[in-house]
Amino acid sequence: NYLFSSYYSRKTLLENTNSSLYDLADAHLVTVEKSILSIENALVGLAGDSTITDYLSGIESLPTQSSRVCQSYLLSHDEVDTCSLLDASGTVLYSTNTSEINKSYGGQDFVTQAVEKGVPTQSSAMMLPSGKEMGIAFVYPVRSFLGEVVGLVSVTIPSSKLFENLSSVSVFKTQNSYAYLIDKQGNILFHKNPELIGTVVQ
């Protein structure tokens, strides 16, 4: 009978763990990027919808048709928390969450950039309009028939839905390991304990 044993120095273990974490981060980054691209592609359809363009251009005075488009979008995208229409100053004209109507996001960088540069943007982590969890707003500019930005379409997505693929992550397939995600400010965007989402890492 033979007994094989192996010894790993602390340095080797740390290097292997770091390498595994980088690999995990890279793999899940690709998944998150695909999710974001899918969201942005769906927003292209919303931003190009003629009823939304007419409403934000001032051709239609009431958001009746536009609201139906937003509500339909919400029903067909279960990951979305809120769908809103903003004017070019960043004021919410219509939202599937009525408490958002008339709120101004004009001072927010992601709104300013979307209007001034005419490009899709996204917010940093923020408390969602529901007030229950953190999420991210994705914004897409709406252009008039002359090409000027007349407003924005915005959807908010909870962190728990956007990053749910992280729930299955473990290091070295160890039961007690798990991944969590924080932003630059230390806000927890995803954690296996939902009560920690939205809190700040100490």
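Analyst: β5 and β6 form a hairpin with 5 residues between them, and G147 in the turn has a positive phi of about 95°. Strands here are DSSP runs of E with at least two residues, helices are runs of H or I with at least four, and both are numbered from the N terminus. The model is predicted, so local features need pLDDT of at least 70 and side-chain atom pairs count only at pLDDT 80 or more, while totals for chains, interfaces and linings use all residues. Residues are numbered from 1 along each chain as its sequence is written, and side-chain values use heavy atoms, with hydrogens and water left out.

Two strands count as paired if DSSP finds at least two bridges between them. P141 has L152 in β6 as its bridge partner.

β5 also pairs with β4 (residues 126-127), again antiparallel, through 2 bridges. Here M127 stands opposite M134 in β5. β4 and β5 form a hairpin as well, with 6 residues between them, and G131 in its turn has a positive phi of about 75°. A further antiparallel pairing, also of 2 bridges, links β5 to β3 (residues 121-122). In that pairing, T121 has V139 in β5 as its bridge partner.

How many of the 10 residues of β5 are buried? The number is 8, so the strand is mostly covered, where buried means under 20% relative accessible area, exposed means over 50% and partly exposed lies in between (1.4 Å probe, protein chains only).

β5 also takes part in the largest nonpolar core. Such a core is a set of buried Ala, Val, Leu, Ile, Met, Phe, Trp, Tyr and Cys residues joined through side-chain atoms within 4.5 Å. The largest one has 21 residues, of which L46, L85, F138, V153 and V155 touch the most other members. Two or more residues each come from α1 (10-47), α2 (50-57), α3 (64-76), β1 (82-87), β5 (134-143) and β6 (149-158). α1 gives the most, with 5 residues. Another core, of 12 residues, lies apart from it and includes F110, M126, A137 and V149.

Contact means heavy atoms within 4.5 Å.

L152 and V153 are also among the contacts of S84, as are V92, Y94, S95 and S154, leaving aside neighbours within four places in sequence. S84 is found in strand β1 and is buried, at 6% relative accessibility. Its side chain makes a polar contact of 2.9 Å with the side chain of S95. A polar contact is a pair of N or O atoms within 3.5 Å; within protein, one must be able to donate a hydrogen and the other to accept it, and residues adjacent in sequence count only if both atoms are side-chain atoms.
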